Amino acid sequence: MARKKRKPRPRPLPAPPKCSSRMYIQIAPSDIAFFRFFLEAMDNLALFTVADRFKGILMLRYSAHQEREFFEFMDGLKEEIEIKILPNPSIPS
């Protein structure tokens, strides 16, 4: 007699984060389109804004829930293009 498989219990979803995490990076200005291509291939794991197109400075915003996936993506991308992680500017209070 075959045993019925139990359905896994649904895991509760974590509460949504109150704000996005962000990171500033610097890449070669000629690599910005390449970076966008890879980010879109990862289902837009993060959003980015070009802070300085001449210096290649980008501000990346990503969900705190996907921090592990985001850093795995960034580590893998470092093999393709040179990425310099910049310190976050202090936010005035």
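This is a predicted model: local features need pLDDT of at least 70, side-chain atom pairs count only at pLDDT 80 or more; totals for chains, interfaces and linings use all residues.
We begin with the helices. Two packed helices are described by the angle between their axes and the distance between the axes. Here helix α1 covers residues 32–41 and helix α2 covers residues 67–77. The two pack at an angle of about 140°, and their axes are 12 Å apart. That angle makes α1 oblique to α2, because only angles over 145 degrees count as roughly antiparallel. The crossing of α1 and α2 is right-handed.

Which residues meet where α1 packs on α2? From α1 come Phe 35, Phe 38 and Leu 39, and from α2 come Phe 73, Met 74 and Leu 77. Sorted by class, this contact has six nonpolar residues, no polar ones and no charged ones.

The next topic is the core. The largest nonpolar core has 18 residues. Those with the most contacts inside this core are Ile 25, Ile 27, Phe 35, Leu 60, Phe 70 and Met 74. Two or more residues each come from β1, α1, β2 (46–52), β3 (57–62) and α2. Of these elements, α2 gives the most, with four residues.

Phe 35 links the two topics so far: Phe 35 takes part in the meeting of α1 with α2, and is also among the residues with the most contacts inside the core. If residues up to four places away in sequence are not counted, Phe 35 touches Ile 25, Ile 27, Phe 48, Leu 58, Leu 60, Phe 73, Met 74, Leu 77 and Ile 81.

Is Leu 58 buried or exposed? Its relative accessibility is 0%, so Leu 58 counts as buried. Not counting residues up to four places away in sequence, Leu 58 touches residues that include Met 23, Tyr 24, Ile 25, Phe 48, Thr 49 and Ala 51. Tyr 24 is 34 residues from Leu 58 along the chain, yet the C-alpha atoms of the two are separated by 5.6 Å.

Two further partners of Leu 58 are Ile 32 and Val 50. Ile 32 is in helix α1, and is buried because its relative accessible area is 13%, under the cut-off of 20%. Leaving aside neighbours within four places in sequence, Ile 32 is in contact with Ile 27, Phe 48, Val 50, Arg 53, Gly 56 and Leu 58. Ile 32 and Gly 56 are 24 residues apart in sequence, while their C-alpha atoms are 7.1 Å apart in space.

Val 50 belongs to strand β2. With a relative accessible area of 36%, Val 50 is partly exposed, since this class lies between 20% and 50%. Apart from neighbours within four places in sequence, Val 50 is in contact with Ile 32, Ile 57 and Leu 58. The C-alpha atoms of Val 50 and Lys 4 are separated by 54 Å, and these two residues are 46 residues apart along the chain.

Strand β1 (residues 21–26) holds Ser 21. Ser 21 has a relative accessible area of 17% and is therefore buried. When neighbours within four places in sequence are left aside, the contacts of Ser 21 are Leu 60, Arg 61, Tyr 62, Ala 64 and Glu 67. Leu 60 was named above among the residues with the most contacts inside the core.

The last stop is the loop between α1 and β2, where Asp 43, Asn 44 and Leu 45 are found. Asp 43 is not a glycine, but has a positive phi of about 55°. Asn 44 is not a glycine either, and has a positive phi of about 50°. Asn 44, with a relative accessible area of 46%, is partly exposed. Leu 45 counts as buried, with a relative accessibility of 10%.

Leaving aside neighbours within four places in sequence, Leu 45 is in contact with Leu 39, Tyr 62, Gln 66, Glu 69, Phe 70 and Phe 73. Leu 45 and Tyr 24 are 21 residues apart in sequence and 15 Å apart in space, C-alpha to C-alpha.

Conventions
Residues are numbered from 1 along each chain as its sequence is written. Side-chain values use heavy atoms; hydrogens and water are left out. Axes are lines fitted to C-alpha atoms, for helices over the stretch in contact, and angles run from 0 to 180 degrees between N-to-C directions. Angles under 35 degrees count as roughly parallel, over 145 as roughly antiparallel, 65 to 115 as roughly perpendicular and the rest as oblique. A crossing is left-handed if the near helix is turned anticlockwise from the far one by less than a right angle, and right-handed if clockwise. Contact means heavy atoms within 4.5 Å. Ala, Val, Leu, Ile, Met, Phe, Trp, Tyr, Cys and Pro count as nonpolar, Asp, Glu, Lys and Arg as charged, and the others, Gly among them, as polar. Buried means under 20% relative accessible area, exposed over 50%, partly exposed in between (1.4 Å probe, protein chains only). A nonpolar core is a set of buried Ala, Val, Leu, Ile, Met, Phe, Trp, Tyr and Cys residues joined through side-chain atoms within 4.5 Å.
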